[in-house]
Amino acid sequence: MRHSAHGAVVPALPLAALLSIPPVAAEPLHVTGVSPAPQSLAVPRSKRLVVRFDQVLDPLSVDDGSLVVTGRFSGVVPGAVEALNDRLRFTPARPLAAGDWVTARVAATVRGISGEVLAHGHAWNFWTASSPASLKLTLEDTLTPGDTPYGAYAGDFDHDGDLDLAVANEGTDDRAVYINDGAGGYAPPVKYMAGAVPSPIEAADLDGDTHNMDRSAQK
């Protein structure tokens, strides 16, 4: 028994009752919205990306890998990731390629203020705006990648913002990789063995280091 401030007698809870009160469960973290919206078209190439959550974020759980932006042609895009209360914001350090198919990925390690992580991560896609062109083309150079070239891929392999080129050569069982020189041309090709009769190729961040696109993989 104990007395209240007004002199009334208030029964005290027994110790066993206090010990039986369950702790408040931590609320799981959920994504409630993203910008630009999934499958958006003609998104400005330098647009900031924003992810909204249902609770305030733990800023200690946020780093450069918390929101990774990768373009099919742009490669892994460098930028600044910030925790702003209940939002993640990504500001690209350079524009994405025109007409690019972009994937944005939120890491599963991001935590809410309750301490719960975003259990399965989150990802969405959108398209960047294309640039106008006259389609009046002029031959600048002729590349000879190898024997029986079959399929090519243009993407940013060296993380400098310029589009490099990889070509699969069926006759010589290799891939010729041309690095853009930044002035409208390409350095001499470097060739990589690719197994028997390589076909059309694609590139991706194969080792998941969020640094740049790795050399093209045979499809």
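## Strand pairing and the open sheet

Two strands are taken to pair if DSSP finds at least two bridges between them. On that basis, in this predicted model, 4 strands form an open sheet in the order 11-12-13-14, and the pairing is antiparallel. The edges of the sheet are strand 11 (149–155) and strand 14 (190–193), each of which pairs on one side only. When direction is ignored, neighbouring strands of this sheet are turned by 20° against each other on average.

Within the sheet, strand 12 (residues 164–169) and strand 13 (residues 174–178) pair in the antiparallel sense over 5 bridges. One of the residues involved is Asn-169, whose bridge partner in strand 13 is Asp-174. In general, the strands of a sheet pair through backbone hydrogen bonds, and the pairing may be either parallel or antiparallel.

## The chain as a whole

The chain holds 1 helix and 16 strands, and 32% of its 219 residues count as buried. Where contacts join residues at least 6 apart in sequence, 51% of these contacts in the chain join residues at least 24 apart.

## Aromatic pairs

A search of the whole structure finds 3 aromatic pairs. One of them is formed by Tyr-153 and Phe-157, whose rings are tilted, with a distance of 6.0 Å centre to centre and an angle of 40° between the planes. Both partners count as buried, because Tyr-153 has a relative accessibility of 2% and Phe-157 has a relative accessibility of 1%, while the cut-off for buried is under 20%.

Another aromatic pair, formed by Tyr-178 and Tyr-186, is edge-to-face, with 6.2 Å centre to centre and 75° between the planes. In this pair Tyr-178 is buried, with a relative accessible area of 3%, whereas Tyr-186 is partly exposed, with a relative accessible area of 33%.

## Salt bridges

The count comes to 4 salt bridges. In one of them the side chains of Arg-111 and Asp-58 meet, at 2.7 Å from N to O. Arg-111 lies in the loop between strand 9 (101–106) and strand 10 (122–127), and Asp-58 lies in the loop between strand 4 (49–53) and strand 5 (67–71), so the pair ties together parts that are 53 residues apart in sequence. Arg-111 counts as partly exposed at 28% relative accessibility, whereas Asp-58, at 16%, counts as buried.

A further salt bridge joins the side chains of Arg-94 and Asp-156, at 3.0 Å from N to O. Since Arg-94 is in the loop between strand 8 (87–92) and strand 9, and Asp-156 is in the loop between strand 11 and strand 12, this pair ties together parts that are 62 residues apart in sequence. Arg-94 is buried, with a relative accessible area of 14%, and Asp-156 is buried as well, with a relative accessible area of 1%. Arg-87 also forms a salt bridge, in this case with Asp-86, and the closest N and O atoms of that pair are 3.9 Å apart. Here Arg-87 counts as partly exposed at 37% relative accessibility, and Asp-86 is likewise partly exposed, with a relative accessible area of 28%.

Methods. Residues numbered from 1 in each chain as written. Predicted model: local features only at pLDDT ≥ 70, side-chain atom pairs only at ≥ 80, totals over all residues. Heavy atoms only, no water. Helix = DSSP H or I, 4+ residues; strand = E, 2+ residues; numbered from the N terminus. Buried < 20%, exposed > 50% of the residue type's maximum accessible area, 1.4 Å probe, protein only. Contact = heavy atoms within 4.5 Å. Phe/Tyr/Trp six-rings, centres within 6.5 Å; stacked < 30°, edge-to-face > 60°. Axes fitted to C-alpha atoms, helices over the stretch in contact; angles between N-to-C directions.
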